[in-house]
Amino acid sequence: MLTNYAFIGILFVVALSFPLLPLIMAFFLRPKRPTTIKQSTYECGLEAIGDVHVQFKVQYYLYAIAFVIFDVEVIFLYPWAVAFDQVGLFGFTAAAVFILMLFLGLLYEWKKGALEWI
Amino acid sequence: MTSFPLLSIVLWLPALGALLLLLLPRNRDALYRQVGLMFTVATFVVSLGLLVSFSTPAGAAASAAAPPTMRLLEQLPWIPAWGVGYSIGLDGVSLWLVLLTTLLTPIAAWASWNSITTQVRYFQVLLLLLETALIGVFVSVDLFLFYIFWEFTLIPMALMIGIWGGANRMAAAMKFFLYTFAASLLMLLSIIGVYALHRSAIGATQPGFGGTFDLLRIVADLRSGAFALDGNLARLLFGGFLAAFAVKAPIWPFHSWLPDAYSEAPTPVVILLSAVMSKLGTYGLVRFNLTLFPEAAGWAAPAVAVLAVIGILYGAMVAYAQSDMKRLVAYSSLSHMGFVVLGIFALNGLGVSGAVLQMVNHGLTTAALFLIVGMLESRRGSRDLAAFGGLWQATPVLGGLTLLVVLSSAGLPGLNGFVGEFTIMQGAYSSPTLGWPFLAFAVLGVVLAVVYLLRMFRSAFMGDTLAETASLRDLNRQELAVLVLLCLPMVAIGLFPNLLLVSVEEGVAGVMRGILVAVASR
Amino acid sequence: MEQIQIPPVDLAVVAPLITVVGWAIVLLLVDVFFVPAGQKRITGYLGIAGLVMAGAVAAPLWGSDSSTFGGMLVLDNFALALTWIFLLIGAISMVIALDYLPRQGIEQGEFYPLIMFAVSAMMLLGQSANLIVMFLGIELLSITLYILTGFAYPRLSSEEAAMKYLLLGAFAAGFFVYGIALIYGQTGTVQLFSTAPGQESLAEYLGRQTFAAVDLTLLLVGSGLVLVAFGFKVALVPFHMWTPDVYEGAPTPVTAFMSVGTKGAALAALLRLLDMALPSLQPIWLPVLATLAAVTMLLGNLGAIAQSNVKRMLAYSSIGHAGYLLLGVMTVSERGVQGFLFYLLAYSLTNLGAFAVLIALEQRGEAAWSLDDFAGLWQRQPFLALAMAVFMLSLAGVPPTAGFVGKFYVFMAAWEGGLGWLALVGMLTSAIAAFFYLRVIARMFMQEPVRDVQPQLFRGLTLGISIAAAGTLIFGILPTLLINVVQQTALAVGR
């Protein structure tokens with residue numbers, strides 16, 4: 001039974017070598033003439049300003065989390081919508097409870113002020 | 001089963017008193033003391049009623065394989081799922097130890113009137129709870145119940161040492177608790193082992209048997225052959241019990257908690273500690289080690305007896321070296337408990353009977369000795385031998401009673417110590433497992449006891465009167481009454497040992513039946 | 001169009017669970033919309049009412065043996081007993097937190113719904129008969145606990161604890177999922193045991209195999225990984241490193257809650273996995289678990305000796321107690337299951353009570369938890385000292401307390417399961433443990449006060465401590481009350 005996994009192993013090795021091989025080959029083949037400008041972080045584009053470690057506003061994360069939640073909700077609702085006729089009343093109730101719970105969560109977020117951009 | 005639960009009343013009366021004490025109004029120290037004393041005295045009076053049931057000799061045992069005959073047996077289911085019952089009963093072995101407890105607790109309560117001045121209420125509560133626990137250990141005939149009482153004695157005792165003890169009380173209390181608790185856990189494992197083995201052995205022939213912790217049932221099955229405890233596992237289980245009892249008694253070399261605990265504990269506590277609590281260990285040896293594991297007892301007897309003899313000599317020699325009287329009596333106690341253990345592991349009727357008798361004797365004398373040391377300490381403010389001298393002039397009555405107690409402890413014929421030690425030595429000599437070498441060392445121990453006890457007596461009461469001790473007052477009426485109360489049974493037992501021996505031998509016979517079977521089958 | 005066949009749903013099976021979850025969601029909204037700031041204890045009262053309600057809902061279900069959602073959730077007496085224990089744990093935790101939160105200046109209404117969510121997760125773990133549902137329970141429990149651990153924001157130790165717990169918890173979750181994947185890879189099912197004829201499950205799968213013929217590597221490795229994850233949750237040595245820091249840093253009611261709740265729930269799930277799905281593999285996993293239990297009992301108790309901070313000491317001791325609980329789990333016997341339940345309740349009451357006493361000694365900004373702060377407590381607060389003494393004795397396993405009976409129960413199970421040596425280890429470590437429990441008692445009763453600590457008692461705290469102490473004593477003196485109940489919970493072990 002373990003031989004089945006050998007295919008996965010082979011696939012893994014091939015998949016890994018596919019991007020790595022060109023990189024390694026390029027490393028050996030390319031001419032190397034470094035200059036200061038070439039070695040800067042963004043050779044083209046804007047000058048970097050300030051430190052990399054900036055603090056984002058915490059609301060940013062709250063938005064992100066809220067977005068993920070509703071994103072996932074939609075993923076669940078798609079198959080339900082497609083099979084709406086087949087799942088009957090039970091399916092409808094289940095999805096309704098699911099949406100209700102999310103709605104209550106949204107209410108909570110709203111009241112807590114998580115939706116406001118300060 | 002008797003209709004009147006006399007034994008339960010004796011057992012729970014002190015606990016009832018403890019409960020009552022907690023309900024009394026605040027700041028009434030005198031009242032607490034009176035209530036405490038009242039309940040302990042009442043318990044003693046009621047416990048005298050136990051003698052009535054022993055006035056008629058028991059009929060001959062039903063068969064050679066019958067378990068020990070218990071009187072006043074009370075059995076109620078407690079944890080039916082495990083076969084645990086509230087089973088209490090009394091035989092000749094436990095009868096006198098219960099009476100010893102009920103006699104000495106009032107004396108301890110009385111001794112606390114002067115020596116315990118802080119948190120009086122709680123001292124009396126703990127004292128009463130301790131009495132219930134101690135009686136409970138002696139009367140339980142259910143392994144689980146026995147273990148509960150056994151462990152519960154620790155809590156009040158450790159608290160009493162730790163709260164009202166001397167300067168180093170906390171360490172002493174901790175050491176005492178941890179030593180005995182750790183050893184008791186090994187016994188707990190053995191109890192579980194006996195239960196599980198018995199359950200599977202009986203369950204093999206009686207499907208649906210749920211196991212039992214009832215000692216009488218287990219012993220009956222052991223003696224009828226339905227259940228066998230032998231081989232190495234039995235010896236391990238035997239060792240578990242032995243560990244707990246060896247620490248409690250204590251048997252050398254498990255005694256290292258003893259000097260600290262004895263010397264830190266206040267007088268009323270040390271009376272109970274030395275006179276009753278140490279008997280729990282030796283009582284357990286008779287009740288459980290000999291009864292449940294006759295074969296393993298025979299196997300271990302020489303080794304334990306050697307330890308006992310070492311304890312006798314070691315205790316005596318260390319006692320001789322002490323200048324602190326309390327420590328001296330503590331080590332003498334170690335030495336005397338060695339005799340008891342020696343008698344038990346003689347594994348014959350004489351030895352075990354002598355051991356039981358000596359338990360009572362030692363309880364009486366050692367309580368009296370500690371009481372006397374406490375009286376001297378409260379008068380002089382010190383218990384160092386060098387601080388005393390020529391007390392006889394100042395306190396002739398105390399001196400006379402002390403001499404009596406010292407002689408009893410040293411084993412003078414005509415007093416109780418002689419009867420017990422002589423019976424033990426007879427037993428050791430005629431024992432199937434021991435022999436004359438043990439007798440010789442035991443005699444040496446008696447000689448040493450005379451030496452250190454008389455040395456103590458001489459340097460305190462004889463010789464030149466020190467200026468500081470010349471004005472010490474003699475016993476007052478209360479003190480005299482208490483000491484005489486303790487000395488009377490000493491003389492009585494010394495002159496009429498059969499008062500005790502008849503019932504003791506009856507109880508021991510119940511234990512010995514198993515040993516005889518084991519020896520016969522060898 | 002053809003209707004999709006949906007298996008019938010038996011709502012009775014999940015009724016207590018729904019009660020708790022629904023109540024918690026509504027409570028969250030009620031709190032945020034109607035309860036004014038500064039009076040959040042109203043939320044607490046409502047939360048306690050919800051837990052009581054759930055307990056009442058569960059009452060008529062006693063004796064049922066049913067399952068739903070395709071067998072993923074089961075309801076038997078074992079699950080019900082656990083449900084009640086968890087509800088009790090949650091209620092006591094809330095009661096002792098009522099005054100703690102405002103006093104610490106961290107009063108937020110969310111505390112109570114979060115506890116309810118955690119309780120529901122624990123109940124889910126007790127009812128689950130499916131690895132995926134187990135994972136769901138563990139994650140729900142963990143996430144709420146991460147928040148609760150950091151609830152004392154902005155106290156740094158609390159945040160640090162939450163962070164540590166989160167990182168290690170996430171690792172554990174990873175192990176769990178990977179373990180499930182491997183188990184599925186071998187057997188093709190994640191169901192523990194069959195609840196209906198013909199249903200595929202691990203127990204079915206193993207029942208079909210003749211072991212010499214089959215290579216069980218994947219299943220064993222998977223089970224091992226799952227065990228590691230449980231080890232993290234339960235804090236078994238050597239997966240216990242996070243415990244002292246997290247327990248010390250978390251707000252005390254939360255510590256109390258998770259020291260008993262998480263352990264109980266995770267071990268209950270482990271018990272179902274080992275005793276009902278993999279009993280035929282016992283010869284393989286028993287040595288592993290026995291070693292783990294022995295090491296846990298030893299190191300947990302040895303670690304506690306060195307602590308002078310009582311909260312940290314209790315954290316280490318809780319590691320040791322996980323070892324004792326494990327004794328009941330691994331014997332695959334009715335006695336073991338009963339012992340596990342009895343021990344869990346006894347330990348829960350005792351530990352909750354002990355932490356409640358710590359709360360009384362905790363002032364805002366300054367915690368008086370060193371042993372010195374306990375010195376002379378008997379003279380200042382006899383009630384607290386007495387209660388603490390009862391708890392310490394129960395933790396040490398001294399009669400007549402519930403802790404003693406619990407230990408007796410699991411040791412008996414261990415002996416009858418042929419693990420006498422492990423019972424011996426348990427005894428020896430109990431003796432070690434007695435030292436540090438007793439040290440607290442000695443300080444309280446036998447010393448004069450060293451520092452000026454003013455313990456504060458409030459009604460809720462007094463109530464919580466009283467309930468815990470009374471339970472500890474009652475179940476110690478009359479254990480048969482509880483034994484009769486747990487005897488009816490015996491699973492069809494090795495179904």
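Predicted model: local features only at pLDDT ≥ 70, side-chain atom pairs only at ≥ 80, totals over all residues.
**Close-up views of chain C**

**Figure 1. Helix α10 of chain C in its surroundings.** Helix α10 of chain C runs over residues 252-277, and its first and last C-alpha atoms lie 36 Å apart, close to the 38 Å expected at 1.5 Å a residue. A bend of about 30° occurs in α10(C) at C:M258.

**Figure 2. Two cis peptide bonds of chain C.** C:Y153 and C:P154 are joined by a cis peptide bond with omega of about 5°. C:P154 belongs to the loop between α5 (131-149) and α6 (156-187) of chain C. A cis peptide bond also links C:P399 to C:P400, with omega of about 0°. The loop between α16 (382-396) and α17 (402-416) of chain C contains C:P400.

**Figure 3. C:A235, a non-glycine residue with positive phi.** Phi of C:A235 is about 65°. The residue sits in the loop between α8 (217-234) and α9 (243-249) of chain C. C:A235 counts as buried because it has 29 C-beta neighbours inside 10 Å, the cut-off being 20 or more.

**Figure 4. C:V332, a non-glycine residue with positive phi.** Phi of C:V332 is about 50°. C:V332 is part of the loop between α12 (310-330) and α13 (334-360) of chain C. With 21 other C-beta atoms within 10 Å, C:V332 is buried.

**Figure 5. Contact between chains C and A.** Ten residues of chain C meet twelve residues of chain A. On the chain C side, eight of the residues are nonpolar, one is polar and one is charged.

Methods:
Residues numbered from 1 in each chain as written. Chains lettered and ligands numbered in written order. Contact = placed C-beta atoms within 7 Å. Nonpolar A, V, L, I, M, F, W, Y, C, P; charged D, E, K, R; others polar. Helix = DSSP H or I, 4+ residues; strand = E, 2+ residues; numbered from the N terminus. Expected span 1.5 Å × (residues − 1). Bend = angle between axes of the 7 residues up to and from the residue. Buried ≥ 20, exposed ≤ 12 C-beta atoms within 10 Å, placed from the backbone.
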